[in-house]
Amino acid sequence: MGILEIKGVNKRFGGLKALDDVNLSIAENTTHAIIGPNGAGKSTLLNVLVGKLIPDSGSVTFDGQSILGRQPHEINQMGISRVFQTPEIFGDLSVFENVMIPCFAKRDGAFRMHAYESIFAEKAIQQQAEEILADVNMLEKRHMIASSLSRGDKRRLEMAMCLVQNPRLLLLDEPTAGMARADTQNTIALLKEIREKRSITMAIIEHDMNVVFSLAERITVLAQGTPLVEDTPDNIKGHPKVREAYLGEAQV
Amino acid sequence: MDQIIVQVLNGLDKGSAYALIALGLTLIFGTLGVVNFAHGALFMLGSFCAVTFSRLLSFSHEVIDETRTDFLGNPLKVQVPYIQDWLGPDLAASIIQWSVPLSILFAIPVMITIGLIIERGLIKHFYKRPHADQILVTFGLAIVLQEIIKYFFGANPIQTPAPPAFNGSLDFGIWLGFDPVTIMYPYWRMIYFFFSVVIIAGVFAFLQFTTFGMVVRAGMADRETVGLLGIDIDKRFTFMFGLAAAVAGIAGVMYAPIVAPNYHMGMDFLVLSFVVVVVGGMGSLPGAVAAGFLLGILESFASMPMIVQSFPGINQIIIYLVAIIILLTRPRGLMGRKGVMEE
Amino acid sequence: MFGLESKDGKLLLLVAALALLAPVILNPFPEGSAMSQFNAGYPDLMQRFVIFGILAIGFNILFGLTGYLSFGHAAFLGVGSYAAIWSMKLVTMNIIPSIIFAVIVAGVFSLVVGYISLRRSGIYFSILTLAFAQMSYSLAYSVLTPITGGETGLQIKSTDTPLLDKALEAGEIGRANLFGYGMGSSYQLELAGWQFTFNLGYYVAAVVMLISFYFAIRIFRSPFGMMLRAVKSNQQRMNYAGLSPKPYTLAAFVISGMYAGLAGGLLVAMDTQVGPERMFWTASGEIVIMVILGGAGTLLGPVLGAGFIKYFENIISKINESILQGWFAFLPDGLQDFMVAVVYPFIGKGWHLTLGIMFMLVVIFLPGGLIQGGQKIGSWLRRKKNVVAKDSTTKPAE
C-alpha cells in the first residue's frame with residue numbers, strides 16, 4: 001500500500017481522453033518518476049494530485065484519505081508540496097520571508113489572524129527558515145528580494161519553501177525544464193542530497209532522461225493517458241514497449 | 001403597451017451613449033490591453049469640440065449698423081460673424097445653426113490627434129505595467145483633462161442647441177396606431193440613436209472587412225503571434241487608440257444638445273460605461289454594445305412611476321445592482337472571453 | 001517600545017511629536033503677516049489632516065499590502081458618519097459611543113461588501129466596489145431619506161433628545177463632547193504676534209490617529225501583514241504553500257473599512273453633520289490619490305499624502321489672482337502679468353490641475369510615492385556627501 005494511491009482515474013477534455021483509467025501507487029520513501037511523451041497526460045495527472053483539476057471518475061487517496069474535491073491549500077496541509085516548472089515564489093518579498101511564509105502555514109494552518117504579533121518575536125520560525133536556507137546554501141542571500149535572484153537560485157528557493165514544511169510527498173514538475181547543463185547537474189545534486197538527508201517521498205514528472213535515470217527508484221511510463229509499464233530504471237531502459245512509445249520517439 | 005414603448009425609446013439614447021463609450025473602452029482594452037479611465041474625459045472633450053466649433057463659427061467683429069439705432073439714439077453696434085462676411089448672411093446663419101453636426105468634421109481630426117498624443121506620450125509606457133497602474137495613471141489624466149477644460153470653459157454647463165430643424169418631437173404613437181401624443185420622441189434623440197447605430201456598424205464593418213481590421217482582430221486574440229508574423233502591430237494599435245478616441249469624441253459631440261457640456265460629464269459617464277463594459281464582458285465588442293443598450297433601456301424602465309412606487313429608488317441603483325448580480329453569476333460578463341483580466 | 005522595533009518606535013515617536021506640536025508647527029507665520037495665509041494651524045484644518053490620515057492609513061492596509069484597489073472606500077466613511085450621528089441623536093452626545101458605533105457599523109458593512117466583491121480580483125474588484133459605493137450614495141440620496149436625511153443630510157437639532165444626556169433648555173442644541181468637554185473648546189496662546197490655537201477636538205482626533213498608526217505598524221510587522229504582501233505577490237504560491245488567500249484579503253478589507261468608519265465617526269464628532277456627497281465616488285477617488293501620492297505600502301506615506309491634499313484643498317485653493325499680483329509685484333509690469341498668467345491656472349481654483357499632474361508624475365516615475373522621492377533625494381545627497389568626504393580623505397594620500 002503506497003502513500004499515494006490513484007485508482008481508476010479518468011479525465012476528459014471534450015473529446016480528448018487526457019487520463020484513461022490510471023492506476024498508480026507511489027510507495028513511501030521512494031523517488032518515483034512519471035515519464036511519457038508529450039500529451040501523455042502527465043500535467044493533467046499532476047493537476048489532479050494538487051486539487052487544480054477534479055477527475056471525472058476514480059479515486060485518489062493520500063495516506064488513506066481522499067484528496068478529491070479539496071482546495072490546493074487543503075491538500076498542501078495534508079502534506080503534499082509542489083515545485084513548479086517555472087519557480088513560483090513571492091517575487092516582491094525577501095528570500096527570508098519567502099521561506100517563513102510556508103513555516104507559518106505549517107504551524108498555524110490556512111488562515112490565522114495573527115495581526116498583532118510581531119514577526120521579529122517568532123524565534124522558532126526564524127530558526128527553521130534559517131536552517132533550511134543553510135541547507136540549500138542560500139543563507140547569505142536571505143535579505144535579497146526574491147525576484148532579483150538568478151533562475152537557479154529561484155529554483156533552490158522554491159525547493160526550500162516546500163522542504164521547510166517537511167512534506168510527506170514532494171511533487172516536482174519538470175524541475176530542470178529550460179535549464180543549462182550545469183544548472184541541471186546542480187539540481188540533480190540538490191535533489192539527491194535532499195533524498196539522502198530526509199525521509200521524503202518524491203514524485204517527479206520529467207522530460208530529461210538523464211535526470212530521471214539519475215534520481216528515480218521507480219519509473220512509470222505514461223502514454224496516451226494510460227500507464228504503460230512501471231518498473232525500476234534498469235528494467236525500463238531495456239523495455240521494448242517503452243522504446244516503442246517513448247524512447248524510440250526521442251532517439252529518432 | 002404604449003408605456004413600454006416610451007421607456008424603450010427613452011432608454012435608447014442613453015443606451016447609445018453608453019454603447020459608444022463602452023465600444024471605445026473595449027477597443028482600447030482589447031487591442032492595447034489597457035484599462036483607460038480617461039475615456040470619459042475623451043467623451044467630454046468631444047462635447048467641448050462642439051462648443052469650441054460653434055464659438056469659432058460665431059467669432060465676430062463689430063459693425064456699426066447705420067440703419068438702426070439703440071435706445072439712446074446712437075447708431076447700433078452689431079456683432080457680425082466673420083463667416084457672414086465670407087459666405088453671405090443666409091448660408092452663414094444656417095451654418096451656425098447646424099454647428100453641432102458640422103463640428104463632427106472638426107472633432108474627428110482633433111480627437112484622433114489627441115488620441116495619438118495620449119497613446120504615444122503616455123499609454124505606450126504602461127503596456128507592461130500592472131492594470132492597477134494603468135487605472136491610476138489614466139485616472140490622473142482624466143483629472144488633468146477635465147481641469148484644463150474647466151480652466152478654459154468655466155465650471156458651468158454650456159448650452160449647445162441642436163439645429164432648429166430638429167427641435168420638437170416626433171409623434172411616434174400615431175404610426176403604431178396609438179392615440180396622438182401618447183408616445184413623443186424628440187427628433188434629436190432619435191437622430192442620436194441612428195447616428196450611434198451607424199457608428200457602431202461602421203466600426204464593426206471596419207474591423208470585419210478591412211485587412212487592417214483583420215490584423216487588429218488577430219492582434220486582439222494573440223498579440224505576440226501576430227507580432228512574430230512581421231506585422232508592425234504597435235503602429236496599428238496606436239491608430240486604434242486614435243480611432244477609439246474619435247468614436248468617444250463624436251459620441252460627445254452629438255450628445256452636446258442632449259446634456260449641456262460641463263467639465264465633469266466625462267467622469268459621470270465613465271463610471272457607468274465601465275459598469276457597462278464589465279457587464280458586457282471585458283474585451284468583447286458585441287458584449288459592450290449589447291450591454292450598453294440593455295442597461296440604458298433597463299434604467300429607463302426602472303424609472304417608470306409604477307416601478308418606482310413599488311421599489312423606491314430602484315431607478316438610481318438598477319445598473320449597479322445588475323452589474324453586481326452579473327459579475328457574481330457570470331464572472332466574465334455576458335459575452336466575455338476566457339482569460340481576459342483574470343490575474 | 002510598545003513591542004515595536006526601535007526604528008518603528010522612533011517613527012511613531014516622530015509622528016506623535018509632530019501631531020502634538022502641530023498647532024505650533026503649522027503656524028510658522030505671525031498673525032497678520034503676508035505669509036499668514038499659509039498657516040494651517042487652525043483647528044478645522046488640523047482635524048482634517050489627522051482624520052483623513054486615519055482614512056489613508058486604513059486604505060493603505062488594503063491597497064498597499066494586498067494590492068486590491070478599492071474604488072468605493074468613501075462608502076465606509078459615509079456609513080460610519082451616519083452611524084455616529086444617529087448614536088448622537090438617539091443615545092448621547094458623548095463622542096466615545098458614537099465613534100465605537102461608527103466603527104462597528106462600517107465593519108459590518110465592509111464585511112458584506114468585501115465578501116461579495118472579493119469573489120473577483122483585478123479590475124472586476126475595483127468596479128464591484130465602485131458599484132457598491134455608488135449604490136450606497138444613490139440610496140442615501142433618495143430612498144433612505146428617513147435614515148440619511150436625503151440631499152440635506154443629517155444635523156443635530158434642538159428637537160433631538162438623546163436618551164442618556166441631561167435635558168437641554170428649549171431651543172438649545174446639544175454639542176458633541178467628551179464627558180462634558182466640548183469638541184469646539186480651545187485654548188488660545190498669543191505669543192509676540194504669533195497665535196496658536198490648541199483645540200480639544202483636534203487633540204482627540206490626533207490621539208485616535210496615533211493609536212490607529214500604532215496598530216497599522218503592528219499589522220505591517222506581523223505575520224498577518226506578511227501574508228497580505230504574499231497575497232499581492234503570488235496567490236498561486238500561497239495556495240500551494242497551504243494558505244487560503246481569501247480570508248486574509250477579506251480581513252484586510254474589513255480592517256480598512258473599520259478605519260474608514262472610524263474616520264467617518266470622527267468627522268461627525270468634530271462637525272456634527274453628514275450628507276450623502278461624502279460617499280460619492282470622487283471622494284473614493286480622493287482616498288486613492290492620497291495614498292498613492294504619499295506612497296502606497298509605506299507607513300508614513302498615506303498620512304503625508306492626506307495632509308498634502310488637505311493642505312492644497314484648504315490653503316493653496318484660496319490663493320486668488322490679486323494675491324498673485326501682490327507676489328509678483330516686484331517684477332516689471334509686463335513680466336508680472338505674464339508670471340501671474342502662467343502660475344494662476346495651477347493654484348487657487350485650479351489646484352486640482354496641479355494635483356492631477358503631480359499624481360500622474362508619481363504614478364509614472366515614483367511608484368513608491370513622495371516618500372520614495374524623499375528617500376531618493378536623501379540617498380543622492382548622502383552619496384554626494386560621501387564622494388566629497390572620500391575626495392578629502394584620499395587627497396592627502398596622493
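# Helices, chains and a contact in a predicted model

Me: How many of the eleven residues of helix 8 of chain C are buried?
Reply: This is a predicted model. Helix 8 of chain C runs over residues 223-233 and is mostly covered. A residue is buried if 20 or more other C-beta atoms lie within 10 Å of its own. Among the buried residues here are C:Phe224, C:Met227 and C:Lys232, and the count is ten.

Me: Which helix of chain A do the buried residues of helix 8 of chain C pack against?
Reply: Within chain C, they pack against helix 2 (43-66), helix 7 (200-220), helix 9 (235-240) and helix 10 (245-270). They also pack against an element of chain A. That element is helix 3 (95-108) of chain A.

Me: Which helix gives the largest share of the side of chain B that touches chain C?
Reply: The contact takes 32 residues from chain B and 33 residues from chain C. On the chain B side, helix 6 (131-153), helix 12 and helix 15 each give two or more residues. The largest share is 14 residues, and it comes from helix 6 of chain B.

Me: How many residues of the side of chain B that touches chain C are nonpolar?
Reply: Chain B brings 32 residues to this contact. Four of them are polar and three are charged. The nonpolar residues number 25.

Me: Why does the radius of gyration of chain C agree with a compact globule?
Reply: Chain C has 16 helices and six strands. Its C-alpha trace spans about 85 × 65 × 45 Å along the principal axes. With 398 residues, a compact globule would have a radius of gyration near 21 Å, so chain C agrees with its value of 23 Å.

Me: What is the radius of gyration of chain A?
Reply: Chain A has nine helices and ten strands. The globule rule gives 18 Å for its 252 residues, and the chain is close to that, so it is as compact as a globular protein of that length. The radius of gyration of chain A is 19 Å.

Me: What percentage of the residues of chain A count as buried?
Reply: The C-alpha trace of chain A spans about 60 × 40 × 30 Å along its principal axes. Chain A has 252 residues. The buried share is 42%.

Me: How far apart are the end C-alpha atoms of residues 287-312 of chain C?
Reply: An unreviewed UniProt entry annotates these residues as one of the transmembrane regions of chain C. The span is 77% helix and 0% strand. Its end C-alpha atoms lie 14 Å apart.

Me: How much of residues 190-216 of chain B is helix?
Reply: In chain B, the unreviewed UniProt entry lists this span among its transmembrane regions. The end C-alpha atoms lie 32 Å apart.

Methods. Residues numbered from 1 in each chain as written. Chains lettered and ligands numbered in written order. Predicted model: local features only at pLDDT ≥ 70, side-chain atom pairs only at ≥ 80, totals over all residues. Helix = DSSP H or I, 4+ residues; strand = E, 2+ residues; numbered from the N terminus. Rg over C-alpha atoms; globule rule 2.2 N^0.38 Å. Contact = placed C-beta atoms within 7 Å. Nonpolar A, V, L, I, M, F, W, Y, C, P; charged D, E, K, R; others polar. UniProt positions renumbered as here; feature names shortened; annotations may be inferred. Buried ≥ 20, exposed ≤ 12 C-beta atoms within 10 Å, placed from the backbone.
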